[in-house]
Amino acid sequence: MVEFSLWDIVRNLLLAGRWTVVLSLIAFSGGAVVAAALLLARLARLPGADTVVGLYVQLFQGTPLLMQLFLAYFGLALFGMNVSAWVAASVALTLYTSAFLTEIWRGCVNAVPRGQWEASAALAMNLGEQLRHVIAPQALRVAVAPTVGFLVQVVKATALASVIGFVELTKAGTMISNATFRPFAVYACLALMYFGLCYPISAWSRSLERKLSGHR
Amino acid sequence: MIAFDFPAVLAEWPLLARGLGATVALTAVSAPIGVGVGVACAWARLHGPRGLRTAVGIYVELIRNTPFIVQLFFLFFGLPGLGVKLAPEVASLLAMTVNLGAYAAEIVRAGVAATPRGQIEAAHSLALNEWQTYTRVVLPPALKRVWPALVSQIIIVMLGSAVCGQISTPELSYAANLIQSRNFRAFEAFLIAAGIYLLACVALRRLLNWIGPRFIFGR
């Protein structure tokens, strides 16, 4: 009979925590790219973009992330792709993240007064120039705090990837709990580890919010 | 060519219906209690004694910075280590309520903090006591201000309940899982379940937007 110390539990959770961090970064950066593309399609007034993006957002915000993960896992396999839990989790979380980020950023762009659009149009700027020189600098200021805040949601969302067999913090916690028969200690450590990961980001987001709204 | 077989899944509609019923029941119980916890915590954080204020602050931050699935697993798998055994349904309800309570506390607090001071002073000058002031003067407009955010949070908790199937609570995603283990139509089963969740989400938003002005904070 092997005895497991608390340090064994913590060390193994920390090792698995790497994959939570990596998956969060993949989902967040991938989601940011897709979200930016969707937002640009809307701002450029591509025909039908408003309806399609609105539907996309409603679809991902109105269904459980767990179902999205299962659908990515089993759906990609239908197309003859050999999906690992890595691919399925990355795809599902990227799409999920993009649906939220594109809505957040659209709100930030809408927060820029209309007159700024009109003034820059009157200076004969095209859409690219308007965005680069006038809209983006102002919208980005508003966007920083909620975007960082959403990063917390992404980190927490990666916990669901454990359900399709992706070995990150939560899955590792379940496995360690099954091996050590110390569920209370393991799940308490697990929760504290997520807290240690998320709380600094929350606090950072809050301080950004204070800093950026104070300079008016 | 991919061949879909939706009828094979739809033939199991009694399972889906029972699953949806359980999801609705979980939400119907946890939402009002969770919002109640949130209102109480919002009061405690703004007006409570110092110790209580800190305790509520820790509760809110701890819940808001850990994933729901970990909270659920902690209640269901972790607590038996201390001798507290919960049935899956009870653990699910408790996790959903505790989770919603923390988020609702922050949302309601924001609404309460935005109350103009003059309103409270006016209530005091009319000889209303603290309790009357809070429940009759401060709370209704505060809830009205934050109702959209509260509705969204309740919907997030309803969608989050899909995870409760992982501890064998027989809700909608559990039913979908059961069906796909019987006929191996995984994609179809989860697609239909996702569709039902989407409809439930739209219906719940409408219901709450209807209930709010009529029963919670008046017009």
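This is a predicted model: local features need pLDDT of at least 70, side-chain atom pairs count only at pLDDT 80 or more; totals for chains, interfaces and linings use all residues.
**Entry 1: overall make-up**

I began with the secondary structure of chain B and found nine helices and zero strands. Read from the N terminus, the order of elements is α-α-α-α-α-α-α-α-α. I then looked up the extent of the C-alpha trace of chain B, which is about 75 × 45 × 25 Å along its principal axes. Of the 219 residues in chain B, 45% are buried. I also checked how far apart in sequence the contacting residues of chain B lie. Taking contacts between residues at least 6 apart in sequence, I noted that 76% join residues at least 24 apart.

**Entry 2: helix α5**

Next I picked out α5 of chain B, residues 88–113. This helix has 26 residues, and I get 37 Å from its first C-alpha to its last. That is close to the 38 Å expected at 1.5 Å a residue. Is α5(B) mostly covered or mostly open? I found it mostly covered, with 19 of its 26 residues buried.

**Entry 3: α4 against α5**

I wanted to know how α4(B) sits against α5(B). Two packed helices are described by the angle between their axes and the distance between the axes, so I looked up both. The axes of α4(B) and α5(B) come within 9 Å, and they cross at roughly 135 degrees. An angle over 145 would count as roughly antiparallel and one of 65 to 115 as roughly perpendicular, so I put α4(B) down as oblique to α5(B). The crossing of α4(B) past α5(B) is right-handed.

I listed the residues that make this contact. From α4(B) they are F68(B), Q71(B), L72(B), L75(B) and F76(B). From α5(B) they are P88(B), A91(B), S92(B), L94(B), A95(B), V98(B) and N99(B). By class, the residues of this contact are nine nonpolar and three polar, with no charged ones.

**Entry 4: the side facing chain A**

Last I turned to where chain B meets chain A. I count 32 residues of chain B in contact with 29 residues of chain A. Which elements of chain B give two or more residues to the side that touches chain A? They are α3 (50–64), α4 (68–78), α7 (130–160) and α9 (186–216). Of these, α9(B) gives the most, with ten residues. I also sorted this side of chain B by class and recorded 24 nonpolar, seven polar and one charged residues.

Note on methods:
Residues are numbered from 1 along each chain as its sequence is written. Chains are lettered from A and ligands numbered from 1 in the order in which they are written. Helices (H or I, at least four residues) and strands (E, at least two) are DSSP runs, numbered from the N terminus. The expected span of a helix is 1.5 Å times one less than its number of residues. A residue is buried if 20 or more other C-beta atoms lie within 10 Å of its own, exposed if 12 or fewer, and partly exposed in between; C-beta atoms are placed from the backbone. Two residues are in contact if their C-beta atoms, placed from the backbone, lie within 7 Å. Ala, Val, Leu, Ile, Met, Phe, Trp, Tyr, Cys and Pro count as nonpolar, Asp, Glu, Lys and Arg as charged, and the others, Gly among them, as polar. Axes are lines fitted to C-alpha atoms, for helices over the stretch in contact, and angles run from 0 to 180 degrees between N-to-C directions. Angles under 35 degrees count as roughly parallel, over 145 as roughly antiparallel, 65 to 115 as roughly perpendicular and the rest as oblique. A crossing is left-handed if the near helix is turned anticlockwise from the far one by less than a right angle, and right-handed if clockwise.
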